[in-house]
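Biologist: I have a new structure open. Please show me how to read its features, one at a time.

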Amino acid sequence: MRRATLFLAFPVLIGACGRDAPPPAPAPDVQAGARLYAQQCAACHGAKLEGQPNWRQRLPNGRMPAPPHDESGHTWHHPPEVLFAITKYGLVPPYAPPGYASDMPAFGDKLTDQQIRDVLAWIETHWTSREVLDARAEMLRNARKR
């Protein structure tokens with residue numbers, strides 16, 4: 001009787017172990033990402049991902065202009081989870097110093113997590129040079145080792 005009970009309970013126990021793990025995210029929809037980027041991001045980061053002029057120099061209000069998301073900028077230097085968090089929550093700690101003033105809004109109340117992933121996937125399709133792809137791959141490998 002004990003063996004039968006344990007045998008019947010085993011599948012329930014195994015099933016409960018994975019209950020807290022979220023399901024894997026669907027594959028990004030790059031075309032949807034392109035549309036969302038045009039609607040939500042292009043006004044600041046440029047229709048061609050070129051960023052605002054003189055993006056490395058502070059504006060008169062002390063804030064930094066929107067950087068480019070093409071290969072000339074620094075977006076590709078960041079791991080996907082950092083880009084996701086900055087897009088969802090804005091440029092706040094731990095991704096900026098406490099009190100840092102930024103024009104980068106949080107999109108967590110405007111875009112779903114999947115939509116944010118779609119936009120980031122579309123941006124990533126523009127990183128095509130061997131130099132950037134190799135440097136990004138090495139950066140991601142090193143980040144996983146930590």
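Biologist: Start with helix 4. Which residues in helix 4 are buried?

Modeller: One caution first: this is a predicted model. The buried residues of helix 4 are Val-82, Leu-83, Phe-84, Ala-85, Ile-86, Thr-87 and Lys-88. That is seven of its 10 residues, so helix 4 is mostly covered, with buried meaning under 20% relative accessible area.

Biologist: What covers the buried residues of helix 4?

Modeller: The cover includes helix 5 and helix 6 (130-145).

Biologist: Now a single residue. Where is Thr-87 found?

Modeller: Thr-87 sits in helix 4, which spans residues 80-89. Its relative accessible area is 14%. The cut-off for buried is under 20%, so Thr-87 counts as buried.

Biologist: Which residues does Thr-87 touch, leaving out those up to four places away in sequence?

Modeller: Thr-87 touches Met-104, Pro-105, Ala-106, Phe-107, Gly-108, Ile-116 and Leu-120.

Biologist: What lies 2.8 Å from a polar atom of the Thr-87 side chain?

Modeller: Start with the general idea. An α-helix has 3.6 residues a turn, so residues three or four places apart point the same way. Here, the backbone oxygen of Leu-83 lies 2.8 Å from that side-chain polar atom of Thr-87.

Biologist: What comes just after helix 4?

Modeller: Gly-90 does, with a positive phi of about 90 degrees.

Biologist: Next, helix packing. How do I describe it?

Modeller: Two packed helices are described by the angle between their axes and the distance between the axes. Take helix 2 (residues 30-40) and helix 5 (residues 113-124). Their angle is about 95 degrees, and their axes are 7 Å apart. That makes helix 2 roughly perpendicular to helix 5.

Biologist: Which residues make the contact of helix 2 with helix 5?

Modeller: Helix 2 brings Val-30, Ala-32, Gly-33, Ala-34, Leu-36 and Tyr-37. Helix 5 brings Gln-115, Asp-118, Val-119, Ala-121, Trp-122 and Ile-123. By type, the residues of this contact are nine nonpolar, two polar and one charged.

Biologist: Step back to the protein chain. How many helices and strands are there?

Modeller: The protein chain has six helices and zero strands. From the N terminus, the order reads α-α-α-α-α-α.

Biologist: How much of the protein chain is buried?

Modeller: Buried residues make up 29% of the 146 residues. The protein chain exposes about 10100 Å², and carbon and sulfur atoms supply 60% of that area.

Biologist: And contacts along the sequence?

Modeller: Consider contacts between residues at least 6 apart in sequence. Of these, 53% join residues at least 24 apart.

Conventions: Residues numbered from 1 in each chain as written. Predicted model: local features only at pLDDT ≥ 70, side-chain atom pairs only at ≥ 80, totals over all residues. Heavy atoms only, no water. Helix = DSSP H or I, 4+ residues; strand = E, 2+ residues; numbered from the N terminus. Buried < 20%, exposed > 50% of the residue type's maximum accessible area, 1.4 Å probe, protein only. Contact = heavy atoms within 4.5 Å. Areas by Shrake-Rupley, 256 points an atom, 1.4 Å probe, with all protein chains shown as cover. Polar contact = N/O pair within 3.5 Å; in protein donor to acceptor, adjacent residues only side chain to side chain. Axes fitted to C-alpha atoms, helices over the stretch in contact; angles between N-to-C directions. Parallel < 35°, antiparallel > 145°, perpendicular 65-115°, else oblique. Nonpolar A, V, L, I, M, F, W, Y, C, P; charged D, E, K, R; others polar.
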